[in-house]
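Here is a short briefing on charged side chains and how they pair. Look over the structure first, then read the points below.

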Amino acid sequence: MSASAKRLDWVDIAKGLSIFLVVMMYAAASVGEDTGGVGALHWVIAYATPFRMPEFFLISGLFLSQVIDRPWRAYADRRVVHYLYFYALWALIHIIFKVGLLATDPVGAIQQLAWAVIQPYGVLWFIYMLAVVSAAAKLLADLRVPVWAVFGLAAILQMAPIHTGSYLVDQFAEYFVFFYAGFVLAPQLFRLAEWTADHLPLALVGLAIWAIINAALVFSPGFAMHPIHPVMGYAGLPGLHLVLALAGSAAICVIAALLTRLPWMDWLRRLGSKSLIVYVAFVLPMGLARTILIKLGLDEPTALTLVTMAIAIAAPLILYWIVQRISFGQFLFERPAWAHL
């Protein structure tokens, strides 16, 4: 296998780990909300809180340098319109299904559709924000703002107590630094992944040290387990949270590079290569599965979260496979020609 292929493999595995943690978080939180219980996976999610979403943004920015100097039309097609298409499509599907049909509230559905234009909707907020941070990075690059000045300012925004009431503004302040870190630190992260492949013992020692420090700071005084939103200990402090998020993101990259050595983990690489497919479509089957399982009597939090999570990940991939087999519905996961600039 070529070096470039290996590089793509670990990136896809990192995406696979990211989507796995994201679905686990939503599955655990929704189970906690419905049952009021806390299972083993709630503790896993609490541990991953500092780096779960930051790592997803960081990985999304890794290859930004390959496109950021393109003309706006080409760049926007690849990095802005691409995400906005899937956001708009799946926000429409989610709102019509959950509000218009299940809640039989067509007026409410119309209102939510209108708000979804300026306020990221539900779990799809990440897709919306990828378009926003991509546009911001391009604008700053065209204005010739030094990258390290942008990185520093983005770090300040992340550490600042910004709570405007606008989900768009608040999430931009919270996560732009991690997307931009993927862009700025991409050469170092690729070198780290390559170094990992040749220094297995040192990589494992480094991961062990990071894992202990992360656990000690997350589960330190101030930590509170909650069925929906666990509260971090010292790991939630401004500045320290940023450092732990970057360290955890780097650790995920190292873990991904190590997992490329294990052929039986190739399923995770394949999952990562379809992460967008899973992300846009996992919520509806997750909700349906959880509701049915609870009615069938499965209400133990750990088991219910595991089964719900498995269904939530598998259902979009099965739907994608069906769409490919019948050659109908490709617009759900692939942009049609009219949606390109």
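**Salt bridges in a predicted model**

Arg270 is partly exposed, at 46% relative accessibility. Arg270 forms a salt bridge with Asp266 in this predicted model. Side chains of opposite charge can pair when their charged atoms come close. The count here comes to 6 salt bridges.

**Helix α12**

- Asp266 and Arg270 have their closest N and O atoms 2.8 Å apart. That is within 4 Å, so the pair counts as a salt bridge.
- The two residues, Asp266 and Arg270, sit 4 residues apart in helix α12, which puts about one helical turn between them.
- Salt bridges with shared partners link Asp9, Asp266, Arg269 and Arg270 into one network.
- Asp266 also pairs with Arg269, and here the closest N and O atoms are 2.6 Å apart.
- Helix α12 covers residues 266–273. Arg269 and Asp266 are 3 residues apart in this helix, again about one helical turn.
- Asp266 itself is partly exposed, with 28% relative accessibility.

**Helix α6**

- Which residue meets Lys138 in a salt bridge? The partner is Asp142, with an N to O distance of 3.3 Å.
- Both Asp142 and Lys138 belong to helix α6, residues 125–142. They are 4 residues apart, about one turn of the helix.
- Is Lys138 buried or exposed? Lys138 has a relative accessible area of 3%, under the 20% cut-off, so Lys138 is buried.
- Asp142 has 34% relative accessibility. That value lies between 20% and 50%, so Asp142 counts as partly exposed.

Note on methods:
Residues are numbered from 1 along each chain as its sequence is written. This is a predicted model: local features need pLDDT of at least 70, side-chain atom pairs count only at pLDDT 80 or more; totals for chains, interfaces and linings use all residues. Side-chain values use heavy atoms; hydrogens and water are left out. A salt bridge is a side-chain nitrogen of Lys or Arg within 4 Å of a carboxyl oxygen of Asp or Glu. Buried means under 20% relative accessible area, exposed over 50%, partly exposed in between (1.4 Å probe, protein chains only).
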